[in-house]
Amino acid sequence: MASRPGFLTDWPWTPLGSFKYIVLAPLVIDSIYSYATMRDHEKLMIVALAVWRIVHSQIWISLSRYQTAKGTKRIVNKSIEFDQVDREQTWDDQIIFNSLILYLTKLYVLGTNTIPFWRTDGLILIALLHAGPVEFIYYWFHRALHHHFLYSRYHSHHHSSIVTEPITSVVHPFAEHIGYTLILGLPLTTTLLCGTVSAVSILVYATYVDFMNNMGHCNFELIPRSFFSIFPPLKFLCYTPSFHSLHHTQFRTNYSLFMPMYDYIYGTTDESSDSLYETSLEKEEDKPDAIHLTHLTSLDSIYHLRLGLASLSLHPLSSQCYLFIMMKPFTLIMSFILTSFSFPTFVFERIRFRDLTLHSHLLPKFSSHYMSQQQKECINKMIEAAILEAEKKGVKVMSLGLLNQGEELNGYGEMYVRKHPKLKIRIVDGSSLAAEVVLHSIPVGTKEVLFRGQITKVARAIVFSLCQNAIKVMVLRKEDHSMLAEFLDDNCKENLVLTTNYYPMIWLVGDGLSKKEQKMANEGTLFLPFSQFPPTKQRKDCVYHTTPAMIIPHAAHNIDSCENWLGRRVMSAWRVGGIVHALEGWEEHECGLDPNLNPPRVWEAALQNGFQPLLLPSLET
């Protein structure tokens with residue numbers, strides 16, 4: 001929002017929120033009807049153009065986020081936070097607006113007349129009009145927007161983003177977009193009046209504008225030196241991402257749209273334009289201090305990923321039925337590709353915490369792949385390759401997230417340490433901190449808890465600590481009781497009780513908790529998960545805590561997406577365990593079935609480094 005919002009700041013469909021695309025319903029219905037009854041494809045082409053522009057922008061979003069996380073050729077090395085991504089969720093409003101204008105033009109200007117598919121003279125006229133009037137008018141309009149009256153009421157909204165993403169380019173108040181539409185619509189309007197407009201010219205010009213806008217705000221330099229060395233005058237005809245980046249960091253320079261010639265003519269070119277271009281091209285890939293290796297979970301988690309849809313990654317992962325239905329063909333194709341082939345892990349997130357650079361890497365497999373015996377060998381090879389690659393780069397710590405640390409898969413990472421005993425990188429499963437987070441979530445004064453779920457390293461640590469502290473652990477299954485008893489000292493085995501009662505009000509739950517068992521709980525029961533994945537909530541009269549997690553300190557920057565089902569600026573305990581390991585500089589591994597670290601020591605270190613436990617939920621919240 002601008003510092004002093006002016007007239008027509010909000011878009012007309014702002015009150016509709018996420019349902020704003022309903023304003024295009026008349027266009028979609030009319031286009032289908034016109035094509036079905038009269039074979040009129042022009043309205044359908046307007047819909048297709050809108051879809052293409054959305055896909056085009058999404059490709060830029062994913063590419064930019066990957067490239068800036070990696071660090072190669074990054075321009076501005078500052079952070080993007082949730083408030084910026086929230087503010088930029090209006091990026092597609094201009095696509096809706098432009099689509100409506102095209103639709104109204106077709107209805108009330110062209111009518112039953114059709115436009116040709118191709119006109120060479122129309123394309124040439126559009127190119128000349130853009131290089132001449134459009135660039136000139138935009139330059140002075142842009143300078144006018146930087147006058148304090150217009151800047152405070154409109155353009156300051158755009159400049160709230162110092163570090164830009166591709167979609168930053170089109171995040172403006174509604175009134176400002178009207179001005180841009182009048183300017184950028186000049187070539188198309190002229191060709192329409194001259195009778196030289198064509199379907200290709202509309203598509204090419206819209207794609208050109210989107211491409212240049214996205215490129216100028218992508219925050220990594222991608223135009224090679226050879227582009228300008230072959231024909232030096234191109235420097236005045238095509239800007240670079242670093243050129244426009246200076247406009248967002250310096251504010252009073254580099255006003256041009258896509259062609260910097262008017263900045264050179266009127267003396268508003270930033271003096272550091274050339275030097276920033278050179279330094280950005282030479283920027284090398286980041287060398288992280290710690291890496292967290294995770295993987296995809298459900299089929300639709302690919303859209304929730306930080307490189308996926310920004311509107312989804314802003315929020316905890318949940319089932320988006322409409323999205324899953326709409327994107328099902330693409331989802332199934334991706335699932336087939338990931339099942340059939342192996343791809344290397346890759347970076348998708350970069351966090352700065354004090355002096356440390358922390359990366360999150362994705363192993364491109366879904367949770368279902370970890371259940372397949374055929375896939376397990378492939379997954380282990382991918383994890384091993386990721387560890388050895390990180391070792392070469394001098395990474396200090398790698399934490400294994402979700403199922404990458406499975407006991408049956410690799411023995412909580414111990415397999416890699418045994419196979420490569422001289423590893424300098426420390427492998428961390430984070431189980432010590434995860435267990436402590438659960439233990440500190442149990443209300444003070446609790447005398448007994450009910451245990452139900454798959455026996456894991458975290459589960460054993462929790463039960464061991466509770467029994468040592470004379471808290472009764474009630475177990476429903478005989479086999480679970482036997483497995484847990486093996487890890488207990490004789491003096492505390494009496495606190496592990498085999499029962500058939502469901503009366504305890506505190507349930508420690510993990511994978512394997514059934515719907516039927518949840519229904520047996522008393523009203524008001526608190527479910528505390530100790531597993532990597534949350535249980536499916538069946539009871540509205542009970543309280544479900546999140547999976548083991550902690551709140552991220554304010555000293556951590558560049559956090560603009562949610563981790564799976566966790567809330568904003570909340571991080572899984574297993575991931576926090578790896579970060580704490582790196583912060584403290586501990587030399588031992590934390591992997592394998594036997595505990596390698598003192599859990600209370602890890603908990604205290606996490607608190608001292610600013611991580612905070614989550615408050616317990618209540619039935620009211």
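User: Which residues lie nearest the centre of the largest cavity?

Analyst: Phe348, Cys562, Glu563, Asn564 and Arg575, out of 26 lining residues. A cavity here is a set of points on a 1 Å grid over the protein atoms alone where a 1.4 Å probe fits but cannot get out, and lining residues have an atom within 4 Å of a point. This is a predicted model, where local features need pLDDT of at least 70, side-chain atom pairs count only at pLDDT 80 or more, and totals for chains, interfaces and linings use all residues. Residues are numbered from 1 along each chain as its sequence is written, and side-chain values use heavy atoms, leaving out hydrogens and water.

User: How much space lies in the largest cavity?

Analyst: About 290 Å³, taken as the space filled by probe spheres set on the points.

User: And what's the lining like by class?

Analyst: It has 10 nonpolar, 10 polar and six charged residues. Gly counts as polar, while Asp, Glu, Lys and Arg make up the charged class.

User: Switching to H19, why does its length make sense?

Analyst: Helix H19 covers residues 373-392, and its 20 residues at 1.5 Å a residue should span 28 Å, which agrees with the 30 Å between its end C-alpha atoms. The expected span is 1.5 Å times one less than the number of residues. Helices are DSSP runs (H or I, at least four residues), numbered from the N terminus.

User: What happens at the start of H19?

Analyst: A side-chain oxygen of serine 372 comes within 3.3 Å of the backbone nitrogen of glutamine 374.

User: And what follows H19?

Analyst: Glycine 394, with a positive phi near 80°.

Terms used: Helix = DSSP H or I, 4+ residues; strand = E, 2+ residues; numbered from the N terminus. Polar contact = N/O pair within 3.5 Å; in protein donor to acceptor, adjacent residues only side chain to side chain. 1 Å grid on protein atoms, 1.4 Å probe; cavity = no way out; pocket = protein on both sides within 12 Å on 5 of 7 lines; lining within 4 Å.
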